[in-house]
Amino acid sequence: MATAEAPPKIRIMKGAASDLSAATYQVHDESHTMGNALRWMLMKNPKVEFCGYSVPHPSEPNIQIRIQMYDKLSSLQALIKALDDLDNLCDSINEAYIESLQNDDYEKWDEKS
Amino acid sequence: MDVNARRLVGIGAERVSHVSSTDFPGHYPNEDHSWNLQLFKQNLTVEIQRLSQRSIEFDIIGVDASIANAFRRIMIAEVPTIAIDQVYVFNNTTVIHDEILAHRLGLIPLNVDPTHMDMLEEGDTPTDRNTVEFKIDLECSWKDNKGKASASGSSTPTDDERYVNHQLLSKHLQWNPAGEQIEKLKNAGPLNGDIVLAKLRPGQAVEIVLHARKGLGKDHAKWSPVATATYRLHPNIVIKKPIPFERAEEFQKCFSPGVVKVDKKKRTVKIDPKHMRNDTVSREVLRDPEFKDSVELSRIRDWFIFSVESESAYKPEQLLPEAIVIMKEKIAAMKTAALGLLGGEGGGGGGGGGGLEGVQQREGEDVVMQEAI
């Protein structure tokens with residue numbers, strides 16, 4: 001056997017619809033961290049009929065995300081949209097946090113080690 | 001405080017209810033609930049509550065558990081730090097075995113800023129960009145008078161009075177700066193100098209060279225930047241029926257201190273909304289037959305009270321922004337791959353290495369190499 005090449009970050013698993021209206025994506029080197037956040041953001045999309053994720057085995061660094069779409073739309077497009085939306089969400093939380101930090105309206109205390 | 005019932009997780013005497021969030025399209029007829037950034041920003045509140053030099057408490061209100069949990073997980077497992085990874089034991093005659101000592105050394109929190117360092121990938125040579133070298137050279141010996149002329153006048157002199165170097169402490173790490181490290185890292189060393197690593201007696205000695213590297217908490221907990229990073233949901237307590245004033249004190253004792261305010265003049269019993277957050281929601285109040293129908297206990301599903309203790313070079317208030325940066329990197333990596341699939345071909349990239357030879361190895365000696373795992 002040839003030495004294993006680095007697996008692709010995302011792989012479309014077999015059994016996907018040819019128009020990708022229903023597909024399972026295997027994401028390498030991700031965990032519940034991205035899996036659950038992405039699942040939530042995909043479920044916020046009204047064109048998504050079903051979305052779920054799993055970590056098939058705890059000692060393998062993979063997750064699988066199943067997406068099924070209404071109206072024969074592309075699940076890959078929905079995935080990309082969800083990633084964009086998640087990126088915006090991160091920015092807004094960061095903005096709000098930095099603002100709160102700069103407002104300086106919190107209790108400061110001295111913690112002995 | 002009046003909270004929309006949809007935001008509440010009910011807490012009964014022996015069960016919790018309404019655990020899952022329902023803000024999805026299609027869940028409620030004729031309601032939208034699809035992703036809306038403007039609406040999300042409107043409903044989002046981030047508020048820092050307390051800050052010390054080692055820990056922070058802040059609230060994130062208006063996000064789903066999956067998002068709050070992502071940040072918590074990243075703070076624990078994916079924000080990089082520097083920790084001792086390789087231990088070269090030239091001499092160790094203490095009672096602590098090499099591998100145990102190596103493990104203890106690995107767990108010492110270091111003050112090295114991870115932004116100045118690179119990961120050491122497989123096949124890389126150690127350079128001043130990816131390795132910080134420390135040395136320990138310690139030998140225990142008797143004091144001249146062997147503690148007999150004890151200053152304290154006690155018949156049993158203390159270890160300090162009897163011996164020189166009877167403890168190996170984290171402050172005994174001597175930094176050996178290489179290349180540009182002296183300008184960039186300023187003064188590398190342990191965050192706490194008083195960690196006891198081994199105890200020694202006269203004649204015992206340790207001589208060790210240590211290599212500290214950048215790593216992630218998911219590989220080993222020693223690389224985790226936090227001692228704890230947790231969140232809890234904000235409690236919500238509602239008094240539905242007036243509490244008989246004669247039993248006000250008993251009622252008060254069912255909650256954490258400060259949560260219930262008893263006004264002796266007006267003879268009223270109230271919940272203090274400011275101190276409600278401190279309640280542990282122990283459900284003690286539900287055990288009392290008279291009280292159990294007078295109160296409603298719940299938690300607010302989208303109100304996360306984060307508590308983060310930094311145990312690394314990061315200041316506690318830096319940890320959430322670091323976690324967000326890493327989350328965004330993960331999103332970007334996935335997006336690149338997804339766009340690659342869209343074009344029909346996925347693409348990946350590699351990285352080159354190389355650089356200065358900064359850290360030297362000693363040869364010819366009988367060295368026991370330990371991985372500080």
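This is a predicted model: local features need pLDDT of at least 70, side-chain atom pairs count only at pLDDT 80 or more; totals for chains, interfaces and linings use all residues.
Stop 1: Select chain A and colour by secondary structure. Now trace the chain from the N terminus. The elements come in the order β-β-α-β-β-α-β.

**Stop 2: its dimensions.** Keep chain A selected and show the C-alpha trace. Along the principal axes, this trace spans about 60 × 40 × 20 Å. What is the radius of gyration of chain A? The value is 19 Å, while a compact globule of 113 residues would have one near 13 Å. As for burial, 34% of the 113 residues of chain A count as buried.

Stop 3: An unreviewed UniProt entry annotates it as "domain: DNA-directed RNA polymerase RBP11-like dimerisation". Within residues 22-95, the chain is 45% helix and 30% strand. Pick the C-alpha atoms at the two ends of the stretch. They lie 36 Å apart.

**Stop 4: a helix in chain B.** Move to chain B and select residues 98-106, which form helix α3. Which residues of this helix are buried? They are B:Leu101, B:Ala102, B:Leu105 and B:Gly106. Show their side chains and look down the axis of α3(B). The buried residues fall within an arc of 140 degrees, so they line one face of the helix. An α-helix has 3.6 residues a turn, so residues three or four places apart point the same way.

Key. Residues are numbered from 1 along each chain as its sequence is written. Chains are lettered from A and ligands numbered from 1 in the order in which they are written. A residue is buried if 20 or more other C-beta atoms lie within 10 Å of its own, exposed if 12 or fewer, and partly exposed in between; C-beta atoms are placed from the backbone. Helices (H or I, at least four residues) and strands (E, at least two) are DSSP runs, numbered from the N terminus. The arc is that of the directions from the helix axis to the C-beta atoms. The radius of gyration is taken over C-alpha atoms; the globule rule is 2.2 Å times the number of residues to the power 0.38. UniProt positions are given in the numbering used here, feature names are shortened, and annotations may be inferred rather than shown by experiment.
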